[in-house]
Amino acid sequence: MDYGHDTTNKRTELQMARSMCWHCQSEVTGEYYCGQCVKVQPLSKELDYFTYLGLPRLLTIDTAALETKYYELSRSFHPDFFQNKTETEQQISLGNSALLNTAYRTLKDPIQRAEYLLNLEAGSAKDIRNSPPADLFEEILELQEDLEAFRSASSARDANETTRYRTKLLADREHLDQRQQAMDAKLAGLFTKWDTIQSRAPQPDALRPQKDDVLKEMRELLSNRTYLRSILNDLVATLEGGHADRRH
Amino acid sequence: MRIVGIDLGTTNSLIAYMDGQTPRVIAGRGDRAMVPSVVAMTDNGLIVGDPAKEHLVRNPAHTVYSVKRFMGKGLADVADELKYFPYTLSEQGGVIRIKVGEKTYSPPQISAMILKELKQRAEVVLHEEISKAVITVPAYFNDSQRQATKDAGTIAGLDVVRIINEPTAAALAYGLQQRTQGTIAVYDLGGGTFDISILKLKDGIFEVLSTNGNTHLGGDDFDHVVAEVILKDVRAKHSLDLEKYDEAMQAVRLEAERTKICLSDEQTATAVIDLPDGTGTYRKDFSRDQLEALTGELVERTLGPCRQALKDAGLQPSDIDEVILVGGSTRMPLVRRRVQALFSKVPHSELNPDEVVALGAAVQAGILSGGTQGMLLLDVTPLSLGIETIGGVMSTLIRRNTTIPSSTKEMFTTYADGQTGVDIHILQGERELVKDNRSLARFRLKVPPLPAGVPRIEVTFLIDANGILNVTARDIRTKQSQSLEVKPSYGLTDDEVERMIGDSFKFAADDLKARQLIEARTEADAILTATDKALKRGNHLIRAEELATIRAALSALEAAKKTDDHRAIRARIAETEQATHHLAEVLMDDSLKQALQNKKLSELP
């Protein structure tokens, strides 16, 4: 697999390139406002979320600091405060706020944060898995059979069989929950590993092979976890007799 | 420029403003701040509010209530509750149309009449023209319902600077007035809708964590349950089917509401109905226990959304610091008990649950105008937004409970060589299949004819701070943006709204003029016929010159009737009455004489 480093460098360059005020054409020195005319500036679309929210590119984050920064930036950009400004400024405020909200939501959630970091560092978040990972193959196969049997028993209104398979599915669920917990523990270990290397060598190219090893392992793990989550959601929906909810 | 806050409710509406740093509701005549959301189109013109409510029983076919239930909906959506609505509904372009007399109105037009009344009320009290407003909607309102509300404002001549959610508005009022902090749950059960919102209040930031609800569950439904019992009982005891009488149905509905409200304070209450055709009076005693047994299931239906909202916020009931009650239906002791049991907290209702939403709307108006500082509301979109993909499956673009404004970009291309358009169907909802979700709108992307897969059109879906979707498209190759004609599935088109704005100004004046003309002509016809009859019977009883005066008056009235001037008709009617006054007296005497002659003396009183 190819982990190109171009993305990261390109992002930094583009971020630097944003330097002319849309309104007075003077050089923008402040972060979000023009130093000359004090008009709000559109955030570069290439600005990465970590930089935007003032965080180092680490996976263990200070959630209180993240929230404080989010609130602070919301007070700077929210459309509420641009009601009496020009149409252009209102549009910029809307765009900046939307980007801020996405950035905050992404970094707040550890899984989304990791997927985002993978995307930044290695180009793509994860492989989309359509077949079960090797070490889950047997269990998933058995689960599918139980699910099938449960569905046909309940549609045939066979109370005994339904109860039997419900009990079985509940056991399956518990087992898969444990598997997920194990994955999460492993993921936490990878977070720490990444953070250690990244803190030691924040430059994109430094310790690249080590970084890529961690990223590769993380990508694999996240793909398996996503697969497991969708199986679990399906299982919960079947047990509750409701409709599959696609949220994770 | 002042911005007012408006709570456009199912049952009642209110308008509020910021008096310095304090939000205040504006009271009308008799110090009542609540304006019943009822519109009556009477012979004497358009009536809104309390006086219109009186017309519900007297003239149900011309009196529209609970119109909020129809906002942003098609006819099929409300099929099961038409029984109580005495007016004829139809559908045009995916929008319900309400037929009142000879005219049909869309729900936003009716809502606009209520908004205009509130606007005028504020103008009288504040001595200035009101043109900007924040209007509240149920948090669980979908895009179509929000857009319909915005349209109503536009038709009423208001610039709707922001649509905000009712429970969050309530939170703003509590945050400002009661200095509430921490994680709070707002339970809002109104006249027609239910919302639950979980918020985090910290240092002036009001961050909504999750929201859920049911836009078709409220006080109206409680009334219907009680009304059903009355209807059934009347059928059993009097063999009378009240459903056949529009007037009686409204009387039952209103009496059910009154009884329900009464039982919030009392242990027993009596519903009293005048039966139609003077067949007597019906009475039925209700106890609070009875009401609670009848409505228990409805209250239960609010708890599912509460649990889901907690789950979506990643919280347990014990994580909630405060519970706030909003909406008139939270006065019911049963509701309070259930909410208290769910959250294990005594809920708050320090601020009047009928007024708190309007107060919050005023606070948001204060924030927008810059007068209220340090506060910021970060709200969420209540429903997932997506587009239709192959196989009738919805692909989610923006998930529910995402903080707004929020945007996402999607790239579209073609499947066939030379294809010049891509059809996009926008949906809202949580289900897998397109058919189980709500269709919002459709539009067609224009694509230059190129080999399949070559065109690259980037579409941006943006939900703004009002929770309303905006769609823009850009050709990546040419960097050209294209304008989209988004056709709403359940909404008025821009042209229709434009036309309705014009109509709304004309309506008030035209309606009155037309009605006065019709009335004057009808009255003229009655007088002409009556005088004709009288002359046949009595021309021999009056002198020739008197007869000539009457004939002259009659032809003048005939002539006036052909004009459009109701005042002239009225004047000729008055003259004719004057001219025939003596004739009428003479006839009266004459018929009395005849009556006496035809009767035996003993039969006289």
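What pattern does chain A follow when read along the sequence? Chain A follows the pattern α-α-α-α-α-α-α-α, with eight helices and zero strands. This is a predicted model, in which local features need pLDDT of at least 70, side-chain atom pairs count only at pLDDT 80 or more, and totals for chains, interfaces and linings use all residues. Residues are numbered from 1 along each chain as its sequence is written, while chains are lettered from A and ligands numbered from 1 in the order in which they are written. Helices (H or I, at least four residues) and strands (E, at least two) are DSSP runs, numbered from the N terminus.

**Chain A overall**

- Of the 248 residues in chain A, 22% are buried; a residue is buried if 20 or more other C-beta atoms lie within 10 Å of its own, exposed if 12 or fewer, and partly exposed in between, with C-beta atoms placed from the backbone.
- Among the contacts in chain A with a separation of 6 or more, 57% join residues 24 or more positions apart; two residues are in contact if their C-beta atoms, placed from the backbone, lie within 7 Å.

**Domains of chain A**

- The domain assignment gives domain 1 (6-122) and domain 2 (134-240) of chain A, the bounds coming from an automatic or database domain assignment.
- The C-alpha centres of domain 1 and domain 2 of chain A lie 33 Å apart.
- Domain 1 of chain A brings 11 residues to the contact and domain 2 of chain A brings 12 residues.
- On the side of domain 1 of chain A that touches domain 2 of chain A, helix 1 (6-17) and helix 5 (110-122) each supply at least two residues.
- Helix 5 of chain A gives the most to that side, with five residues.
- By class, that side of domain 1 of chain A has five nonpolar, three polar and three charged residues; Ala, Val, Leu, Ile, Met, Phe, Trp, Tyr, Cys and Pro count as nonpolar, Asp, Glu, Lys and Arg as charged, and the others, Gly among them, as polar.

**Helix 6 and helix 7 of chain A**

- The axes of helix 6 (residues 137-155) and helix 7 (residues 159-200) of chain A come within 9 Å and cross at roughly 150°.
- Helix 6 and helix 7 of chain A are therefore roughly antiparallel to each other, a term for angles over 145 degrees, whereas those under 35 count as roughly parallel, 65 to 115 as roughly perpendicular and the rest as oblique.
- Residues of helix 6 of chain A including A:L143, A:L147 and A:F150 take part in the contact with helix 7 of chain A, whose residues there include A:Y165, A:L169 and A:H175.
- This contact of helix 6 with helix 7 of chain A has seven nonpolar, three polar and six charged residues.

**Contact between the chains**

- Chain B contributes 20 residues and chain A contributes 19 residues.
- Helix 10 (356-369), strand 19 (376-378), strand 23 (402-403) and strand 24 (406-412) of chain B each supply at least two residues of the side of chain B that touches chain A.
- The residues on that side of chain B divide into nine nonpolar, six polar and five charged.

**Backbone details**

- The peptide bond from B:I404 to B:P405 is cis, with omega near 0°, and B:P405 lies in the loop between strand 23 and strand 24 of chain B.
- A:L207 is not a glycine, yet has a positive phi of about 50°; A:L207 lies in the loop between helix 7 and helix 8 (208-240) of chain A.
- A:L207 counts as partly exposed because it has 15 C-beta neighbours inside 10 Å.

Notes. Axes fitted to C-alpha atoms, helices over the stretch in contact; angles between N-to-C directions.
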